[in-house]
Each structure stands twice: as C-alpha cells, then as structure tokens.
Amino acid sequence: LTSSGPALFALGVFTVAAGVPTGALHGASSFLRLNLASLLGVAGSVVAPGIYAAFFGNDLPGLIAAVAVAQGLTVATSLVLCAHAGLRPTIRFDRAAAKGLLAYGGWLSVSGLLHRATNSLDRPLLGALSGPAAASLFAIPQSALGKTQMLSNALLSAAFTTRDQWSSRV
C-alpha cells in the first residue's frame with residue numbers, strides 16, 4: 001500500500017478540488033452542467049480502472065492512479081463547464097460569509113463521512129460473517145442500485161435550492 005501513496009494523495013487533492021467547481025455550479029443553479037459533471041465523474045471513476053486493468057493488469061497502485069486521473073479530468077471538465085456558464089473566479093474575502101460557509105461545509109463533511117461509512121461497513125461485515133463470495137455477490141447489485149439514486153439526488157438538490165431562492169424573495 002506504500003507504493004499507492006502518491007496516487008492516493010493525488011486522488012485526495014482532486015477530490016477536494018472537485019468541490020470548487022461543483023459548488024460554483026450549484027450556487028449558480030446550473031444543474032444541467034452540475035449533473036453532467038457528476039455523471040462524467042462517476043463514469044470516469046468506473047471506466048478508468050477497467051481500462052487500466054484490461055491493458056496493464058490489476059495492480060492496486062495503478063488502479064488508484066487511474067481513478068485519480070479520471071477525477072483530475074472531472075475537475076478539468078467541471079472548470080470548463082463553469083467557464084461555459086460564465087462563472088469567473090473573483091478574489092474577495094467576506095469574513096461573515098466565510099464563517100457561515102465553514103459551518104455549512106463542516107456539517108456537509110460530517111454528513112458525507114457518515115453516509116460513506118454506513119454505506120461501506122456492510123460489505124466488510126458481510127464478508128466477515130459469510131465470506132468474501134457473499135460480499136462480492138452483494139456489492140455488485142448495491143453499487144448498481146446506488147447509481148440509480150443519481151437522478152433523485154439531483155432533483156432533491158435542485159428542489160431545495162429553488163425553495164431557498166424562493167423563500168429569500170418573500
């Protein structure tokens with residue numbers, strides 16, 4: 001796993017960097033572009049390791065690097081989509097806004113970590129109790145089911161943003 005360190009670091013950097021254009025597109029209510037970027041990111045993270053494995057084998061550092069490259073391409077695509085939407089970076093700091101954003105981001109981070117932990121603990125638990133074959137039989141349908149939630153999650157974020165914008169006008 002030590003040879004995977006640089007790829008894991010790059011994957012972490014790209015994952016954090018992906019939040020910037022995602023937040024910009026979400027804040028601009030550009031949901032078509034936001035969902036396009038999300039779809040490309042998910043597809044790239046699924047396809048890139050498969051392509052790597054087909055041509056180079058299934059070594060873990062290479063597979064992680066393939067996912068990191070896919071995530072980097074997703075960040076680049078998201079930045080292009082931001083530019084296409086007319087979103088340009090501005091450098092200004094508002095202390096009150098930063099405090100609110102940090103609090104909101106903190107809750108989102110905690111929620112995301114809990115969500116991932118609860119969605120990931122079932123496989124090792126099933127593997128420990130019933131063996132690796134049962135875990136793999138469970139993981140494939142669960143992953144496919146997770147992909148079906150993309151549309152509902154996109155509609156949910158669009159509905160809440162629209163509601164918030166509407167209530168701020170009243």
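Phenylalanine 55 has its place in helix 3, which covers residues 31–56. In this predicted model, phenylalanine 55 has a relative accessibility of 65% and therefore counts as exposed, the cut-off being over 50%. Phenylalanine 55 also belongs to a nonpolar patch on the surface, which it forms with Val46, Val47, Ile51 and Phe56, and the accessible area of these residues together is about 560 Å².

### The chain as a whole

The secondary structure of the protein chain comes to 7 helices and 0 strands, and from the N terminus on the elements accordingly read α-α-α-α-α-α-α. The chain has 170 residues, of which 20% count as buried. When contacts in the chain between residues at least 6 apart in sequence are considered, 70% of them join residues at least 24 apart.

How many aromatic pairs does the model contain? The count comes to 1 aromatic pair, made by tyrosine 52 and phenylalanine 56, whose ring centres lie 5.1 Å apart and whose planes stand at 40 degrees, so the pair is tilted. A pair of aromatic rings is described by the distance of the centres and the angle of the planes. Because tyrosine 52 and phenylalanine 56 are 4 residues apart in helix 3, about one helical turn separates them. Phenylalanine 56 has a relative accessibility of 61% and so counts as exposed, and this residue is also one of those in the nonpolar surface patch described above.

### The largest nonpolar core

In soluble globular proteins, nonpolar side chains tend to be buried together. Here the largest nonpolar core has 6 residues, namely Leu25, Phe31, Leu34, Ala37, Leu81 and Cys82. Helix 3 and helix 4 are the elements that give two or more residues to this core, and helix 3 gives the most, with 3 residues.

Serine 78 and glutamine 71 are both found in helix 4, for which the residue range is 60–84. Serine 29, by contrast, is found in the loop between helix 2 (19–27) and helix 3.

| Residue | Relative accessibility | Class |
|---|---|---|
| Serine 78 | 4% | buried |
| Glutamine 71 | 13% | buried |
| Serine 29 | 27% | partly exposed |

Why does serine 78 count as buried? Its relative accessibility is 4%, and buried means under 20%, so serine 78 falls in that class. Leaving aside neighbours within four places in sequence, serine 78 is in contact with Pro21, Leu25 and Ala37; of these partners, Leu25 and Ala37 are also members of the largest nonpolar core.

Which residues does glutamine 71 touch, not counting those up to four places away in sequence? The partners of glutamine 71 are Leu11, Phe14, Thr15, Ala18 and Ser45. Glutamine 71 likewise counts as buried, because its relative accessibility is 13%.

Serine 29 has a backbone feature that may be checked in the structure: its phi is near 55 degrees, which is a positive value in a residue other than glycine. With a relative accessibility of 27%, serine 29 counts as partly exposed, since this class lies between the 20% and 50% cut-offs.

How values were computed: Residues are numbered from 1 along each chain as its sequence is written. This is a predicted model: local features need pLDDT of at least 70, side-chain atom pairs count only at pLDDT 80 or more; totals for chains, interfaces and linings use all residues. Side-chain values use heavy atoms; hydrogens and water are left out. Patches are made of residues with over 30% relative accessible area and no salt bridge: like charges are joined within 9 Å, nonpolar side chains (Val, Leu, Ile, Met, Phe, Trp, Tyr) within 5 Å. Accessible areas come from the Shrake-Rupley method with a 1.4 Å probe; for residues, only the protein chains shown count as cover. A salt bridge is a side-chain nitrogen of Lys or Arg within 4 Å of a carboxyl oxygen of Asp or Glu. Buried means under 20% relative accessible area, exposed over 50%, partly exposed in between (1.4 Å probe, protein chains only). Contact means heavy atoms within 4.5 Å. Rings of Phe, Tyr and Trp (its six-membered ring) pair if their centres lie within 6.5 Å; planes under 30 degrees apart count as stacked, over 60 as edge-to-face and the rest as tilted. A nonpolar core is a set of buried Ala, Val, Leu, Ile, Met, Phe, Trp, Tyr and Cys residues joined through side-chain atoms within 4.5 Å.
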